[in-house]
Structures are given as C-alpha cells and as structure tokens.
Amino acid sequence: MSTDTEAPIYNKSALEFKSSSFSSPVLVIHSTDLKQIKHQLKEKIAQAPEFFKNSPLLIDLKFCNENEHPLEFEPLIEFLHKEKLFPVGVSGANEEQKNTAFKFYIPLHTIRGAHAESKLPPQSTTTNTAENTNKKSSDEAINTVENMLITQPVRSGQRLYAKGDLTILSHVSAGAEVMAEGNIHIYGALRGRALAGVQGNTQSRIFCSALHAELISIAGHYKTSEDLDTLDQQKPTQILLQDQALIINNL
Amino acid sequence: MARIIVVTSGKGGVGKTTTSAAIAMGLAKKGHKTAVIDFDVGLRNLDLIMGCERRVVYDFVNVINGEASLRQALIKDKRCNQLFILPASQTRDKDALTQEGVGKVLKELSKEFKYIVCDSPAGIERGANLAMYFADDAFVVTNPEVSSVRDSDRMLGILASKSRRAENGEEAIKEYLLLSRYSPERVKLGEMLSVEDVQDILSLHLLGVIPESKSVLNASNSGTPVILDEESNAGKAYADVVARYLGEDVPHRFIDEEKKGIFGKLFGKK
C-alpha cells in the first residue's frame, strides 16, 4: 500500500536539534564607499584565497551606519556572492538593510562585546586574515577566555556565569547557581548548583572543598543531591566527565 | 552625616521590629541622636513595640507625599529624648514608597541625626528593597533554623548587589549577624542550629546572640523596647549588641547553656 511506504517508522528519530557554537569571520564595514570596500576586500582575498574560499561570513554594519549616508547593502551582498563568500548573518543593520537581508535569506544577529566594541583601524575591512590567523588565534585564546574570580560567598538566589573558568574563594550557598563554560573551582563548600562546561566542553571539571551540592553538571550531564548522598562530602572533591558519566573523586 | 542601619532578614517573624526598637533605644541611651523608621507600610508594628501608637498623627508616607513635614511626623520618645520614631502608614501599601521619596527623607534626617535605623518588612519586595537601598550597615536578624538562614542568605545576596552602594560601586554595606531566639538547651538536643552551624553557612561578623526569652513578648505587649528590661537576658544581649556595634569589646554571652544552681534547678527559672 502506498500509505505504508510514505509513513515512516516512528520508533527511531530521524533528526535532532542540538545547540553548538562555531566561529566565523566577521566582516566589519567602516566605510560606505562601495568602490573602496570592493577594492580592499579583493586585496585581502588575494592574500589568502584558500582561507576565504566558500567561507561563511557575518557582516557587522554598526560602524558604517554611524556615517551620514547609509551603505547600499544589496550591491555589497551581490559582490560577496560573486567572490564566493556566503553571508550567514547581519548585525547592526538599519531598517532598509534588514529588509535587504531578509530578501537574501540572511538572518539578523546581535554581536555582543568584543567584536562590536573593538576599536579596529578604519582601513581594515576584515577582522581575520589568513596571514595573521595563527598569531591572532593564539592571542584570542588569551583575550577572549574571560575567567572570573569571586572573593565573596555566593549567596542564595545569586547566579554567576563565567565565559571561561570560574574561581570562587568562598562557599556557594544552597539556592545559588554558578555556571562556567570552563572549569569551576570552589575553595569552600559547594551547597548550591554548579554547572561546568555549559557550552559543551566535556573536558571541564568542578573542584570544591566540600561537596553538598544541590546539583552538579558537566557539559549537560548532571547529578542531583539525591545521587550524591553516599559520598564522603567533607573532603576536597573533583568532578569530571568520563565516557558520558560523571566521576566524583576525593582529591 | 548619619549612619543608616537597616534591620533585615528576608523571613518574617524572626524579630526585626523587636531588634530595631531595641538597638534604636540602645543607641539613643548612649547619647546618640537616633531616628527609627518603620518601612512596613500597611502592616505597621513598630509604634506598638515602641509604645507610641496613640501618638501617631502623620506618618512616613505623608512625609514622602509632602502632606506633612518631618518635624510633624517624628514622634519623640517619652523615655529617651534622643530617640525619634517615624511610623509607617497603616492605610496604604508598599507602592506608596518611592526610591526618590525615601532618599529625600533619609537625606533630611541625616542632617540632624547620628543614626537612622530602618525597620525592614519581611520579603524581598519593594518595601524591603527600599529599606536596605540607602543603608550603610545591615543587621541581618536570623533564627537558628534552616529556612530563616536560607532567607538571610538570599537577603545578603540582595544587599551585595542591589543597594545604592553596590550600584555606585562604593564600599559595600557592612553586614552583621544577629542570631535571635537562640536556645542553647535546644541546640544541645540537636533541635536547633548552633552558632557555628549558622556561621558556617552565612560567614558573617557575629554581632550578638539574643537568647529566647519570655521578656521579649512581655516587652512587646507593654510597648517597651526589651533593652530597657535590664534584668532580662534578651535585654542584656541587646545592650551587648549596641556596645559591640559602637566598637566596644564585649565578650559573647548566652551561647552556652547556663549553669543552673540548685535553686535554678528546683524552680526552673529562665
């Protein structure tokens, strides 16, 4: 019967949604002079043709929209397509530019912090070029990892989020929540919730002087206080992820 | 400039108003001109504990709305001429308080007074937030039981992040712990958290332990701040608290079980 072949078997899912992050070059436009942009962009691409070939690209228009005359966005996109660059997002666009973006099926983004605020020399049209990619990436490893240090107790109801490692020199109270994209170090008792590797870093760990946690989680794998009852909780402890299971060791 | 003290806890019924009345009276009796403000608009209590409920004409909200002057609303205490009470309004709710209005009243009081004690309502909503917003010092009143300790912990988090000092990036509010309704006998039986247990969770500077005492209820009923009952343990404990706050070195009392003499054992006097 035809209906049988059309109806898939539902006991195994064919897809799933996952959250992940990737990096892409951001093209920060400072000028509204299309000719100048085209010329300089061509130069940059010539320096590292392989790097730019079929590359996704985020376009940041925040700075160029500070100029009096708005940038003609449509010719810019067409030019990028011609150069085999694929815009995957626009940030800082005005209303007209937004409409143009939708026309080309380009979603809108908000670039937070570093990129949007960075003071780039006005001539440079890209934030990433191949010739200094290696140097840059090592610099970025230092600059963009935003570690956080807390010297006070983290009180009930407080939430902390560190983009890098999170170090707390006091305790974390019951009802508090601390999260980090990297490791979490607590030089006191952990009585609240601690979530390390929240962006999926399975190598991240949690360290604490005493474990009375309500919840611990590494890269989405979690245990609640019910599962932690059998442990010696007064000792310094580390929690790590091994073969998709949380391992809790006394140090 | 006056020093603004907030008496707060998060949880209700732990002894904020009793403490506010006692320390305000204690500071005034030491010769410091002190005002005590009831922030519990709609659930006015401080006037009862202070024994001035029949002298209330204008209140805090009237002053904020410009319907009365501070001078008209402040009630001078009959027992100590250095102490003034600013009662809350009973017919309004917390929305009658505005940050601007509270700030204006505190600024005006600061010119004349040495200490301003703000009696915070329970909860973490508008009234409590405004009571602590302008504070320099916080007395966190906690009972030795888990829910009160947790609520105090929450309040401490708010003190650290939502006060004027925090928002302006100034030196943080000085936080002091006041452990009230403490009963060493029940701690010994394991029915109550000990001072160490509470300190382990809150890690705060302990300003004093107020023992559970019948004299507190008696004092409230008669409208006399318990600190004036110099015979009672609670009264003595509050006197110690005030002395410690003013920088005197007073050893802690009432933490350990009292050794009862033969008469004490026979008559079981607390």
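Q: How many residue pairs are in polar contact between chain B and chain A?
A: The count is 8 residue pairs, both partners being at pLDDT 80 or more. Keep in mind that this is a predicted model.

Q: Which helices of chain B supply at least two residues each to the side that touches chain A?
A: Those are α7 (146–162) and α10 (195–202). The largest share, 6 residues, comes from α7(B).

Q: What makes up the side of chain B that touches chain A, by residue class?
A: There are 5 nonpolar, 2 polar and 5 charged residues.

Q: How many residues are in contact on either side of the interface?
A: On chain B it's 12 residues, and they meet 10 residues of chain A. Here, contact is a matter of heavy atoms within 4.5 Å.

Q: How much area do chain B and chain A bury between them, and what part of it is on carbon and sulfur atoms?
A: About 820 Å², with 38% of it on carbon and sulfur atoms. In chain B, the residues that lose the most area to chain A are Arg150(B), Asp153(B) and Arg154(B), which together account for 49% of what that side buries.

Q: Why is the pairing of Arg155(A) with Asp153(B) called a salt bridge?
A: The closest N and O atoms are 3.0 Å apart. The rule asks for a side-chain nitrogen of Lys or Arg within 4 Å of a carboxyl oxygen of Asp or Glu, so this pair qualifies. Across the interface of chain B and chain A, the rule finds 3 salt bridges.

Q: How do you know that Glu177(A) and Arg193(A) form a salt bridge too?
A: Their closest N and O atoms are 3.5 Å apart. The cut-off is 4 Å, so the pair passes. What does it link? Distant parts of the chain: Glu177(A) sits in strand β8 (residues 177–180) of chain A and Arg193(A) in strand β10 (residues 193–196) of chain A, 16 residues apart. Over all chains, the search of the whole structure finds 21 salt bridges.

Q: Which residues bring α7(B) and α10(B) into contact?
A: From α7(B) come Val149(B), Ser152(B), Asp153(B) and Leu156(B), and they meet Val198(B), Ile201(B) and Leu202(B) of α10(B). By class, that contact has 5 nonpolar, 1 polar and 1 charged residues.

Q: At what angle do the axes of α7(B) and α10(B) cross, and is the crossing left-handed or right-handed?
A: The axes come within 10 Å and cross at roughly 35°. The crossing of α7(B) past α10(B) is right-handed.

Technical notes:
Residues numbered from 1 in each chain as written. Chains lettered and ligands numbered in written order. Predicted model: local features only at pLDDT ≥ 70, side-chain atom pairs only at ≥ 80, totals over all residues. Heavy atoms only, no water. Buried area = accessible area lost by both parts, 1.4 Å probe. Polar contact = N/O pair within 3.5 Å; in protein donor to acceptor, adjacent residues only side chain to side chain. Helix = DSSP H or I, 4+ residues; strand = E, 2+ residues; numbered from the N terminus. Nonpolar A, V, L, I, M, F, W, Y, C, P; charged D, E, K, R; others polar. Axes fitted to C-alpha atoms, helices over the stretch in contact; angles between N-to-C directions. Left-handed = near helix turned anticlockwise from the far one by under 90°.
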